[in-house]
Amino acid sequence: MKIVLINGTNHKGSTYHIAKQLTDKLNGELTEFFLPRDFDEFCLGCTTCFTKDEKLCPHHSKIEKITNALLEADVIILASPVYCFHASGAMKSLLDHYGYMWMAHRPEESMFKKQGIVLSTAAGAGIKSTLKDMRDSLFYWGVARTYSFGLPVAATSWDGINKKKLAKIDKNTSKIARKVNKRNGKVKPGFKTKAFFFIMHLMQKNGWNPKDVDYWKDKGWTKKVRPWK
């Protein structure tokens, strides 16, 4: 099992340690990235990835290593502490570069057989909206199953978390790891993903963007072919 972990900050705080604890419990080979250390560009809004080719993105050479890791992985983990009730700017900036990979455009076929995990911590509030920031991308990429875990740790460092919360972290990371390990190689999208894919299938029969329309037709998705079969 191949795992890719993308940390939304360079700082190795509580979110990082939870992600590390989880990856240690997964039966796989880990590839890890830190943002903005490993990618520090903002999307320019040039629409080149949508209308022409994602490889023509001005930042393609910088993001290619992360993209390849995402495509090769069986499990994608996105981890970000809460930054003003949302994921870090570095995480958002990275995810903005993958708009072309949403189901509304040109989803990668392999995504429909992957598992995803989103993780977050905060000293206080903002966990729910931060997890949603990352979970949205995984859903619209077509990732078959996604697990979420977030916790207000009431601390500004890993060392400051009390024993009760550490026990909760251990329990939840073990629970997620068991599910991921058990379902590796056997996961399929749920009803919500399939329903959204069907709507996009209808839209792409006469879509506005020739690049997307041709992609869907070449895959056979505007007919009866489905990426999870």
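1. Leaving aside residues up to four places away in sequence, histidine 97 touches Phe39, Glu41, Phe42, Cys43, Cys57, His59 and Ile63, where contact means heavy atoms within 4.5 Å. This is a predicted model: local features need pLDDT of at least 70, side-chain atom pairs count only at pLDDT 80 or more, and totals for chains, interfaces and linings use all residues. Residues are numbered from 1 along each chain as its sequence is written, and side-chain values use heavy atoms, with hydrogens and water left out.

2. Histidine 97 is found in the loop between helix H4 (89-96) and strand S4 (115-122); helices (H or I, at least four residues) and strands (E, at least two) are DSSP runs, numbered from the N terminus. With a relative accessible area of 8%, histidine 97 is buried (under 20%; exposed is over 50%, partly exposed in between; 1.4 Å probe, protein chains only).

3. The side chains of histidine 97 and histidine 59 are joined by a polar contact of 2.9 Å (a pair of N or O atoms within 3.5 Å; within protein, one must be able to donate a hydrogen and the other to accept it, and residues adjacent in sequence count only if both atoms are side-chain atoms). The histidine 97 side chain also reaches the backbone oxygen of serine 93, at 2.8 Å.

4. Five strands form an open sheet with parallel pairing, in the order S2-S1-S3-S4-S5; two strands pair if DSSP finds at least two bridges between them. Strand S2 (29-34) and strand S5 (145-152) stand at the edges with a single partner strand each, so one side of each lacks a neighbour in the sheet.

5. S4 and S5 pair in the parallel sense over eight bridges. Leucine 119 has phenylalanine 149 in S5 as its bridge partner.
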